Amino acid sequence: MPMIKVAVQGLGFVGSAVAIALSSLKNNGVPYFQVFGVERDDQNGKKMVGLLNEGKACFSNTDEDFTRYLHAGLNISCNLKFGTDKKIYSEAEVVVCDVGMDVKLTETYDSQEIEVMDKPFMIALEDVFSQIKPDALVIIETTLPPGMVEKRIVGFAQEIFNSRGFNAAPLIAYCYERVMPGKNYISSILNYPRTIGSADIEALNRASLFYNTFCGGKLTVLRDATSVEFAKILENSYRAMNIAFIHEWTLYAEEIGVNLFDIIQSIKVRKGTHDNIMKPGFGVGGYCLTKDSLLAQWSINNIFKLDLSLGLTLNALKVNYQMPLHTFQRLKNALKSFNGKTLLICGISYLADVGDIRNTPANQLATAVNKEGGSLIWHDPLIDVWDHPARPEKVAGLEEGLQKADAVVFCIPQKEYSQLNFQALNWDKIHLKVWGDTFDIFSDEDAEFLFGREIVPVGIGKGHWKKLYE
Ligand SMILES: NC(=O)c1ccc[n+]([C@@H]2O[C@H](COP(=O)([O-])OP(=O)(O)OC[C@H]3O[C@@H](n4cnc5c(N)ncnc54)[C@H](O)[C@@H]3O)[C@@H](O)[C@H]2O)c1
């Protein structure tokens with residue numbers, strides 16, 4: 001059987017991994033798909049496809065399959081290529097769109113002030129519908145405001161088709177991504193169950209066949225694209241809400257001196273109802289949890305024009321945005337003042353094992369420290385550049401940073417931190433006053449050890465440390 005020609009539009013964190021994952025799929029040893037990844041035709045897009053065509057990722061990642069499958073697709077199966085020429089869509093039987101729809105984040109989370117930048121996304125769709133064959137299937141994976149496909153995109157695509165003299169209805173299906181960057185990046189694309197929807201039966205059937213080649217039949221069909229768009233936003237809002245919820249209980253636990261990590265562990269034994277309760281932490285970052293609920297409120301205001309407010313949901317986003325300021329306050333209390341002091345931030349990516357600093361909560365912490373006259377240095381094994389107005393300086397290694405700082409805070413459990421050999425550090429050269437742990441990386445014995453060296457251990461969610469040492 002000849003390979004199915006698939007174009008993947010947008011080669012960011014999602015699209016590059018989707019293109020690589022699709023190229024790895026085989027039927028009796030023969031690749032299912034001939035995959036072409038397409039980026040924007042500008043300087044940055046050209047740089048990205050240049051790197052990918054050389055077998056290199058455009059960002060740090062810890063999944064070996066990413067590099068292995070990329071190499072195999074480029075050099076062994078030879079069914080994977082990257083470029084910036086949109087004419088490639090004219091050859092595709094299936095186009096998968098992984099271009100993002102951005103939201104301008106504001107600190108207020110006011111439902112009336114949400115600004116969705118839909119233009120670049122619509123331009124990307126125009127690139128596709130003005131090139132594809134009339135019977136090509138377009139699958140949109142972008143996280144969208146509910147109603148976008150049915151109320152905006154279908155008509156938009158039909159107009160382009162009409163202007164090209166096609167009578168056919170464009171074949172459009174919607175199936176959001178659940179990819180989890182990190183150690184299981186590619187596997188999360190290939191194995192997570194998917195949810196799909198389209199009002200067009202042919203589009204739905206063809207898209208179902210497409211996904212059944214890799215998500216092992218774990219496909220849920222909802223009655224229309226709007227329901228699927230809704231599902232994605234609800235899924236992420238649920239998670240954001242749970243984080244905000246546990247943050248409130250973090251403050252309570254710290255005040256009364258209990259260890260919230262232990263408490264949560266004891267609750268998690270209730271499998272099926274309570275085992276996904278969130279743990280305390282530093283804050284919420286990344287591209288999705290910080291914006292997706294805003295897409296929902298924007299759809300309410302602008303697509304469905306309803307008088308309805310997702311008040312609780314938006315408030316959760318606001319709580320999450322301010323979360324790192326709690327860590328700031330705890331560190332400041334222990335240090336007395338940041339003025340003239342240096343804080344080492346360890347782990348500026350928004351998630352462990354991921355090299356992505358979009359909307360990292362470390363931004364809020366750095367701004368607050370800078371405002372109080374403190375200096376910042378940082379360390380993250382997966383990040384090279386952090387462009388923050390406070391101009392934090394990257395240290396070459398963790399130990400060097402520990403020796404330069406007055407206080408340290410570990411914001412995410414990057415592998416290097418979880419495996420830190422505490423006793424082997426050169427303590428004679430370390431003059432820290434405060435050691436912050438926002439993720440239960442360090443044990444009670446470690447805290448005792450630090451305290452013995454006159455370093456105050458500050459643990460987010462660890463009220464028992466606060467009671468003992470502060
Ligand atoms: N990052 C995640 O973990 C994740 C997880 C699930 C879903 N999503 C969703 O997936 C979508 C993509 O997210 P992402 O993190 O990959 O975003 P991203 O910004 O990293 O990637 C999008 C890419 O699309 C490119 N692009 C823009 N216009 C284009 C055009 N006309 N032609 C070709 N390429 C174009 C951009 O240059 C960019 O590289 C978003 O809707 C996001 O919400 C992301």
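Visitor: Which polar backbone atom lies 3.1 Å from an oxygen atom of the ligand?

Guide: A polar contact is a pair of N or O atoms within 3.5 Å. In this predicted model, a polar backbone atom of F13 is 3.1 Å from a ligand oxygen. The side chain of R358 places an N or O atom 2.9 Å from an oxygen atom of the ligand, and for a polar side-chain atom of R40 the distance is 3.4 Å. The protein covers 90% of the 820 Å² of accessible area that the ligand has on its own, by the Shrake-Rupley method with a 1.4 Å probe.

Visitor: How many residues surround the ligand?

Guide: A residue is near a molecule if one of its heavy atoms lies within 4 Å of it. Here 24 residues surround the ligand, and V14, E39, T143, K291 and R358 are the closest.

Visitor: Which residues lie nearest the centre of the second largest pocket?

Guide: On a 1 Å grid over the protein atoms alone, a pocket is an open set of points where a 1.4 Å probe fits, with protein on both sides within 12 Å along at least five of seven lines; lining residues have an atom within 4 Å of a point. This pocket has 16 lining residues, with F230, I233, A296, I300 and L310 nearest its centre. Helix 8 (225-256) and helix 10 (292-303) each give two or more residues to the lining.

Definitions and conventions: Residues are numbered from 1 along each chain as its sequence is written. This is a predicted model: local features need pLDDT of at least 70, side-chain atom pairs count only at pLDDT 80 or more; totals for chains, interfaces and linings use all residues. Side-chain values use heavy atoms; hydrogens and water are left out. A polar contact is a pair of N or O atoms within 3.5 Å; within protein, one must be able to donate a hydrogen and the other to accept it, and residues adjacent in sequence count only if both atoms are side-chain atoms. Helices (H or I, at least four residues) and strands (E, at least two) are DSSP runs, numbered from the N terminus.
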